[in-house]
Number of protein chains: 2
Amino acid sequence: LSVVGIIPAGGSGERLGASGPKAFAVLAGKPMLEWSLEALAGLCERIVVAVPAGFEDPPDRVRGGPSRSESVRNALAAAPEATVAVVHDAARPLVTRELVERCLSELGELEGAIAAAPVTDTVKEGEDGRVLRTLDRSRLWSVQTPQVFRADALRRALETDPGRLAAATDDASLVESAGGTVRLVEAPPENLKVTTPLDMRIAEAILGSRC
Amino acid sequence: LSVVGIIPAGGSGERLGASGPKAFAVLAGKPMLEWSLEALAGLCERIVVAVPAGFEDPPDRVRGGPSRSESVRNALAAAPEATVAVVHDAARPLVTRELVERCLSELGELEGAIAAAPVTDTVKEGEDGRVLRTLDRSRLWSVQTPQVFRADALRRALETDPGRLAAATDDASLVESAGGTVRLVEAPPENLKVTTPLDMRIAEAILGSRC
């Protein structure tokens, strides 16, 4: 297996109040991106980071696309030798090496294996501000990254029109639409997505409690 | 209108590491329950708290039932004069008076109006550890409390068998099943549910930033 790590790092730091891209905001002493790079290091032969225009100078950085999935496609195109792709958002710096390993080992012969946590809130479907129905929570999973794929399956899934790429909220949904089978790998809810300054404080509290 | 506040406070403090019920764990200087009582005070003529056995001595405390909805039923039975019920979990101490007011004003002539936040994660339906489908996130709401109801509609909805009461993850779903129309009132995601010690730290950080 030739494993490539792919880190979409195109998020703006606007909601964080950061002056540059979110991935470069400092979290517990280092750029947020570094935490993900460290979790993936050793498990991937290469790691390709999709960064905003102007940040693509170092090797193994490619320019991000107009949507998240287009960034992933650009990064994957830079690793034609890869047989397995580990996609992980730079905005989830609390990922652990152990979680990446579990996704890799659960992939087996399937097309995908993705980190997900059981939904704990009641979720309802709404329309025009009113409840249509309450969903069966026991069947729902809140999806995270890492998302691990057979690289061929991900390449095929990403060969779709820009509209569908832009609408996809994760890469697994594209692999599912292309007929792939995706396994759910139970992950801790603390593998949170950092969006707001409060999230930064929460993330620092979690990182602090790990030491 | 005669408005009764109903606070199910039956949660154990086990996952918090607290020695007593969760509602009495100290959060930012006072018992968690107090934060909710303060948000509801002035908007409700009475507030009935459903507490674990052994804690029901003071007036307007009733014994909680074996399930959350049975606790709500016990509390509502103690307020036969009520025409509107504001149900709010003691485990959501970050609720604001403003959010309760908005739910009350959005109730209008409907059976219910409930606090909810748009879902921000990708949510998938799973079966046997595999993805069945990715849901359309734009239609999904993560439901919180307060949940405000026409008291008659809630009384009727709670007249169902214990199995359905135990399976209900919120009270609105029972009102929906009984044919009621429930409005979604957009609430801040920071109205979080406190379950773990980390949640306590987050809640204290949020309360600290409000002052």
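So, the two chains: a rotation of 180 degrees, with 0.0 Å of shift along its axis, puts chain B onto chain A at an RMSD of 0.0 Å. The same surface serves both of them, and 100% of the contact residues of chain B recur in chain A. Contact here means heavy atoms within 4.5 Å.

Quick housekeeping. This is a predicted model, where local features need pLDDT of at least 70 and side-chain atom pairs count only at pLDDT 80 or more, while totals for chains, interfaces and linings use all residues. Residues are numbered from 1 along each chain as its sequence is written, chains are lettered from A and ligands numbered from 1 in the order in which they are written, and side-chain values use heavy atoms, with hydrogens and water left out.

Back to the axis. Which residue of chain B comes closest to it? That's Ile202(B), with its C-alpha at 3.2 Å. Ile202(B) is also in helix 7 of chain B, one of the residues that meet helix 7 of chain A. Helices (H or I, at least four residues) and strands (E, at least two) are DSSP runs, numbered from the N terminus.

The two helices 7, residues 197-210 in each chain, pack at about 140 degrees with their axes 11 Å apart. The axes are lines fitted to C-alpha atoms over the stretch in contact, and angles run from 0 to 180 degrees between N-to-C directions. That makes the pair oblique, the class left over once you take out under 35 degrees (roughly parallel), over 145 (roughly antiparallel) and 65 to 115 (roughly perpendicular). On each side, the residues that meet include Leu198, Ala205 and Ile206 of chains A and B. For the classes, Ala, Val, Leu, Ile, Met, Phe, Trp, Tyr, Cys and Pro are nonpolar, Asp, Glu, Lys and Arg are charged, and the others, Gly among them, are polar.

Now a pair inside chain A. Helix 2 (68-77) and helix 4 (151-158) of chain A pack at about 130 degrees, axes 10 Å apart, and are therefore oblique to each other. Helix 2 of chain A brings Ser69(A), Val72(A), Arg73(A) and Leu76(A), and helix 4 of chain A brings Ala151(A), Leu154(A), Arg155(A) and Leu158(A). That contact counts 5 nonpolar, 1 polar and 2 charged residues.

Most residues other than glycine have a negative phi, and most peptide bonds are trans. Thr145(A) to Pro146(A) is cis, with omega near 10 degrees, and Pro146(A) is in strand 10 (140-150) of chain A. Chain B has a cis bond between Thr145(B) and Pro146(B), omega about 15 degrees.

Asp128(A) has a positive phi, near 50 degrees, in the loop between strand 8 (122-127) and strand 9 (130-134) of chain A. Buried or exposed? Asp128(A) is exposed, at 76% relative accessible area. The cut-offs are under 20% for buried, over 50% for exposed and partly exposed in between (1.4 Å probe, protein chains only).

Last one: Arg92(A) is buried, at 4%, in the loop between strand 6 (84-87) and helix 3 (97-107) of chain A.

How values were computed. Copies are superposed by least squares on the C-alpha atoms of residues with pLDDT of at least 70 in both.
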